[in-house]
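Okay, everyone, thanks for coming.

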Amino acid sequence: DAQETTYKKQWLEIDTLIAFTNQTKTALEKIKLLQQKTKEQGAQADYIKSLLYQISLEEKISERNINNEIAVWEQQLKLSTNSIEKSILHCQLATNW
């Protein structure tokens, strides 16, 4: 699938920014763009992955804010209409309690 290939390239770019060039803020910007795109296109696996990356990178950039993390998961849970996605979001929310 062409879209899956595009996502793989974007994830490779993001992983490279994080692992090899330590450009966390740039990677976070790219993740947020990818997150929006995957949500719009219904690419649930990549969307969830982007949420996990977002939380992880935001922790590296600033002091961990558990309330912010919970708010992100709760907001995404409210927006989700897919049962699998909701299950994953519930699990992530539970790990933060």
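Let's start with W11, which is buried, at 4% relative accessibility. Keep in mind throughout that this is a predicted model.

So what does W11 pair with? Its partner is Y53, and the two rings make a tilted aromatic pair, 4.7 Å centre to centre with 55° between the planes. By the rule used here, the count of aromatic pairs comes to one. What I like is that this pair links distant parts of the chain: W11 sits in helix α1 and Y53 in helix α3, residues 44-61, and they're 42 residues apart. Y53 itself counts as partly exposed because its relative accessibility is 21%, and the cut-off for buried is under 20%. Then there's K49, which lies over the face of W11, 4.4 Å from the ring centre.

Now the packing around that. W11 also belongs to the largest nonpolar core, which has eleven residues, among them Y7, I14, L17, I18, A27 and L57. Two elements give two or more residues to this core, α1 (2-19) and α2. The largest share, five residues, comes from α1. Take I18 as an example: leaving aside neighbours within four places in sequence, I18 touches A27, Y53, L57 and K60. There's also a second, separate core of ten residues, and that one includes Y47, L51, V72 and L77. For the general background, nonpolar side chains in soluble globular proteins tend to be buried together.

V72 and L77 bring us to helix α4. Its buried residues are E69, I70, V72, W73, Q76 and L77. Where do they sit around the axis? They're on the same side of α4, because they cover an arc of only 155°. Over on the other side, N67 and K78 are exposed. As for the helix itself, α4 runs over residues 66-79, 14 residues in all, and reaches 20 Å from first C-alpha to last, close to the 20 Å expected at 1.5 Å a residue.

Two last stops. In the loop between α1 and α2 you'll find N22. Its phi is near 55°, so a positive value in a residue other than glycine. Is N22 buried or exposed? Exposed, at 62% relative accessibility.

And finally Q36, in helix α2, residues 24-41. Q36 is partly exposed, with a relative accessible area of 46%. From Q36 to N67 the C-alpha atoms are 22 Å apart, across 31 residues of chain.

Key:
Residues are numbered from 1 along each chain as its sequence is written. This is a predicted model: local features need pLDDT of at least 70, side-chain atom pairs count only at pLDDT 80 or more; totals for chains, interfaces and linings use all residues. Side-chain values use heavy atoms; hydrogens and water are left out. Helices (H or I, at least four residues) and strands (E, at least two) are DSSP runs, numbered from the N terminus. Buried means under 20% relative accessible area, exposed over 50%, partly exposed in between (1.4 Å probe, protein chains only). The expected span of a helix is 1.5 Å times one less than its number of residues. The arc is that of the directions from the helix axis to the C-beta atoms. A nonpolar core is a set of buried Ala, Val, Leu, Ile, Met, Phe, Trp, Tyr and Cys residues joined through side-chain atoms within 4.5 Å. Contact means heavy atoms within 4.5 Å. Rings of Phe, Tyr and Trp (its six-membered ring) pair if their centres lie within 6.5 Å; planes under 30 degrees apart count as stacked, over 60 as edge-to-face and the rest as tilted. A charge sits over a ring if NZ of Lys or CZ of Arg is within 6 Å of the ring centre and within 35 degrees of the ring normal.
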